[in-house]
Amino acid sequence: MILGVISSLPSLFTQADILKHHIINSSGKLEKMQLTSKVSLHSLQVLVALASISLPVHSKTVRHTFEISYISGNPDGVWTNSILCINGKFPGPTIEAEVGDVLEVTVINNIHDGQNVTIHWHGLHQRGTPFEDGPSQITQCPLKHGSTQVYTFPLLQTGTYWYHSHVNSQYTEGLWGSLIIRGTPEIWQAHYDEEILITLNDWYHTSAEENEHWFLRPESFGAPPFPFSVLMNGVGRYPCDYGILQGRYCDPYSQKRPVFKVQHGKTYRIRLINVSGWVAFNFTISGHVLNPIEVDGVDLAPNQPSHNAVYIGAGQRYSFLVRADVGVNGDEFLIRANLRREFLFTRPGNINPYPEALMDEVTGVIQYSDSEPVKARDSLLLQPTFESFDYSRTYQPGESWSILHFLPEMNLRPYDGAPAPEYFNTQVALQITFENDAAGIRRGSFNGKPFHLTMGKPILGKYVDGTGIPEDAFPIYIHYGSVVQVIVNNPEAGPHPLHLHGHYFWVVGMGQSGEGSYDPTRHQLNLGGFKRDTVLIKERSWLVIRFLADNPGVWTLHCHIDWHNLSGMAMTFVEAPEMASSISAPLEAKKVCADHNVLVALALLSLPVHSKTVKHTFEVSYFSGLPDGVWVNNILCINGKFPGPTIEAEVGDVLEVTVINKIQDGQNVTIHWHGLHQRGTQFQDGPSQITQCPLKHGSTQVYTFPLLQPGTFWYHSHVNSQYTEGLWGSMIVRGTPEIWQELYDEELLITLNDWYHSTAKENEEWFMSAKSGGAPPFPSSVLMNGVGRYPCGYSILQRRLCSPYSQKRPVFKVQPGKTYRLRLINVSGWVAFNFTVSGHILTPIEVDSVDLAANQAPHHAVYIGAGQRYSFLLRADAGVEGDEFLIRANLRREFLFTKPGNINPYPEVVIDEVTGVLRYSDSKPAKVRGSLLLQPSFETFDYSRTYIQAETWSSLEFLPEMSLTPYDGVPTPSHYDTEVLLQIVFQNDDQGFRRGSFNGKPFQLTREKPILGKLVNGIPIPVDSMPVYTQYGSVVQVIINNPEAGPHPIHLHGHYFWVVGRGQSGDGSYNETLHQLSLSGYKRDTVLVKEKSWLALRFLADNPGVWLMHCHIDWHNLSGMAMVFVEAPELASTIKVPLEAKKVCADHNVFI
């Protein structure tokens, strides 16, 4: 898999791309920078190191409830009323989970003074779930007092993390906790017996609100509130004499420190987290060696240099292996965390009146004991006891800090061995600055531009909505897949811990204290691969980091001294804006914003705040009828009707369809929702044995999914050729508002399809035999809105009852002067049509649910293949009351061919044209209540009637399909990462059946676990399924050559694709030297590759799952002209298997 990915990478950066680097200078302006070297394949190997995690087959959901409120307590002995707690406890609960689990945390804001709150999951990248990241007004609206929010996201990384409030300085009051995610197996687990978790933090007796009020005024001179004490695992000590001077109650007997019992000879993993709002520490365990194995969630390579101490800044995490081999039963060693004084400075009048009372060191105890230590059930974590300080006790001597050997941070190497990228595409230059604002407040910032947020829509919501992001948010726009270099210069007297959300970064250079600004002529960069997510830039020095922009969203980079972040030392990377439509705002995020009267869109759509659930029940069974006048017993109906009901809904609604399989002969069934991308609901897509098990006879399945796209769609069975018997219906999803709604008054819906008198089972049996010669069953007739006509004389020859008086056509009443939106769908199993409305102009506004730009060229006719949809504006200005115009759909004969012995004995009698009527009338037409759709009447053919003269097909101007441009104006990606070459092939199999396929490999399914289930469960996907693996965010180019004599409508599930090139009939195969591609942005989900010609498509792999691409001639799909894109397998664990899908599979003794 990795080799395949690497081979596709050179197209990600062409030489031209590599040479066009940019710098953002200290003034924020964009400058160009020329490099002279190409990217080597070796340097790009780093790009495939995307969390190569061994995910479990069966993930679980880890659930927590966080009720947030204030309590009173005395962590350092001094009583305070401003401890912001989770479930009444400080620190908050430690979350333990495994990679691949889904974390679900319900947050209840019960803060009594009405504050808002959010939770940030520090170090988790939130790939595919950026709205869960937590920073207030950046990725979410804050949670109001009295409200509830459920954070839900998959855990895709292993390591040591923490969570905390990301509203102002709330977390300095105690709103934080630890988060541990273990691998399955954990890389280092064989090397240790148990774990010890140690947290360090600074502590305030004053409330966050008091501290903020003091800090954000001129009198502070930019000096943060000085901490009163420091804590280890939530406990510490403060000199009670000073507490009394402040009028605070202080109890020296409640001052405690954590004690960990260890057993001689065992090895322990120490997980160390600095959750401070300001300070950094030196950390050591007296007499013991620390062997580093993890930094900020990044596993380290074996044999890192051992040491005695580490320098750890706010937000940073480490894991060490510590061997308990220096003591015996009863020996005690101090765990020591010593304040780094270069962080601390103050000014007269600080809110802490006695900064001198801050004790330099906080301690815990390692106690050797032969007894078994206390652990939580099913956890490796030792539970410390908390013991009062006993000054009479003696401990094994601790070393002086000056002789300890500190961790050489820049020499660390990651376990994955991936070096830092050798080159970069974008450079950002940042200068740490402190300046007074207009109010005299001394603010920290980057480049003298303090980061500001205003209440309203969060930045990520603006990104998804296409709304401009304010300059005050210091946005830096970067393209997907680019390597970004950030140079930070710090001329100030204090260090700064810098944290980047959504990413690890490589630390390629870090100056020592006092080295001054970065100078490429003096300072050498290190591409060894050391990476983390929080790094310290030292005082009066410099820092250079690089990261890969592979996580679409809005990610903040900020100083993790919480006071500096509060004052404005932050910025945002607006990552992959060209992929904003791939990000869907979860309903929970919408709900939280709605509490502030803020609306956030889903995938570029303006969604209603309160969506509704649109419910339908589909009882599927056979009925008899005569759609074209010939009586048949094999109409596969929904609720006894053909066609199936038209579903009408709005974007943001949830569709809930209960399907009851009552097909009398015991067939299975599924429903596919043609054109809907099913983002996040992949198991609802419908193809049997691909995304779901089929629904057995007598069983029920409930499809439930949000409607995230507006447009014209349809649904149909996706089991064998069932839908050719009538199991289909139309679906309309309207925007709120609809983009084009002001330009039309009402809507017409027209469906076209071919029709068979023989059953689907008979057709399949004949077709899948050698005698068919690969020729599909020839249709008996063609229908418009479910009705048509067949010559009754020929039905008598077939001994079928035929009634010419039941042959009907649809009649639509329109009012002169009105404009109508005509929605057109070809639901055929084989044929294509030319379509026109006599005497009227058709102005295209939508193609396959893609809204088109204004002022598309008007025309008279369109060529529409199976599975395709269009919307046109039609102005009723060509007639007066009583005039009638034919609506005409004419068979495209290049689709139709037959062989002697076809199951249809009289192919010559299929009538080329099916018609409806557009009737001008001053009376109001019939409509369903609350719908814009006109309801046609169905009238018997009257051959004596006259219609306004129809044009000849040769005189009509057809829609110039390749000239269409989408409303969103997004151009086609100029480059691609992966290319797939497909040749349409027909050849005989071992039984002599002539099968259609791609590349001579017919697609085949086995009756077992569906392919999507295999992906989620980590089971290999059979090569017979023609799987092509694509990485998340890659651009895929597909070239299809069709040497055959007939066209093919190609449909891709789960996506739109850009049509970048299509040959005319007879052009032959694609030749890049002869055929020019177009990057105009024309896109859809079903396109025709013409006979003896070629087609080129591109799509963005931004929808993890298994997506079928197939010919929508249903007979060719049945014979094997299909393949699957296995998209973002590295994110397979993010795909949720709904209980309905499990239930339906369980009926077949298949378990997902």
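This tour visits a serine site, a group of paired strands and the disulfides of the model.

The model is predicted: local features need pLDDT of at least 70, side-chain atom pairs count only at pLDDT 80 or more, and totals for chains, interfaces and linings use all residues. Residues are numbered from 1 along each chain as its sequence is written, and side-chain values use heavy atoms, with hydrogens and water left out.

**Stop 1: Ser781**

Select Ser781. It sits in strand S44, residues 781-784. Helices (H or I, at least four residues) and strands (E, at least two) are DSSP runs, numbered from the N terminus. Is Ser781 buried or exposed? Ser781 counts as buried, because its relative accessibility is 1%. Buried means under 20% relative accessible area, exposed over 50%, and partly exposed in between, using a 1.4 Å probe and protein chains only.

Now show the contacts of Ser781, leaving aside neighbours within four places in sequence. They are Asp628, Asn753, Asp754, Trp755, Arg789, Tyr790 and Val910. Contact means heavy atoms within 4.5 Å.

Zoom in on Asp628. Its side chain makes a polar contact with the side chain of Ser781, at 2.6 Å. A polar contact is a pair of N or O atoms within 3.5 Å; within protein, one must be able to donate a hydrogen and the other to accept it, and residues adjacent in sequence count only if both atoms are side-chain atoms.

**Stop 2: strand S56 and its partners**

Select residues 978-988, strand S56. Two strands pair if DSSP finds at least two bridges between them. Which strand runs parallel to S56? That is S59, residues 1035-1042, joined to S56 by six bridges. Pick Gln983 to see one link: its bridge partner in S59 is Asn1041.

Next, select S57, residues 994-998. It runs antiparallel to S56, with five bridges. Here Ile984 has Phe998 as its bridge partner. S56 and S57 form a hairpin with five residues between them. In the turn, find Gly992, which has a positive phi of about 85°.

**Stop 3: the disulfides**

Show the cysteines. How many disulfides does a search of the whole structure find? Four. A disulfide is a pair of cysteine sulfur atoms within 2.5 Å. With the bonded cysteines numbered in sequence order, the pairing is 1-4, 2-3, 5-8, 6-7.

Start with Cys240 and Cys250. Their sulfur atoms are 2.0 Å apart. The link is left-handed, with -65° about the S-S bond. Cys240 lies in helix H5 (residues 240-245) and Cys250 in the loop between H5 and strand S14 (256-262), so the pair ties together parts 10 residues apart in sequence. Cys240 is buried at 14% relative accessible area, and Cys250 is buried at 12%.

Go to Cys792 and Cys802. This disulfide has an S to S distance of 1.9 Å. It too is left-handed, with -65° about the S-S bond. Cys792 is in helix H10 (residues 792-797) and Cys802 in the loop between H10 and strand S46 (808-814), so parts 10 residues apart in sequence are tied together. Both cysteines are buried.

Finish at Cys693 and Cys1145, with sulfur atoms 2.0 Å apart. This link is right-handed, at 95° about the S-S bond. The pair links distant parts of the chain, 452 residues apart: Cys693 is in the loop between strands S39 (671-674) and S40 (700-706), and Cys1145 is in helix H13 (residues 1139-1146). Cys693 is buried at 2%. Cys1145 counts as buried at 1%.
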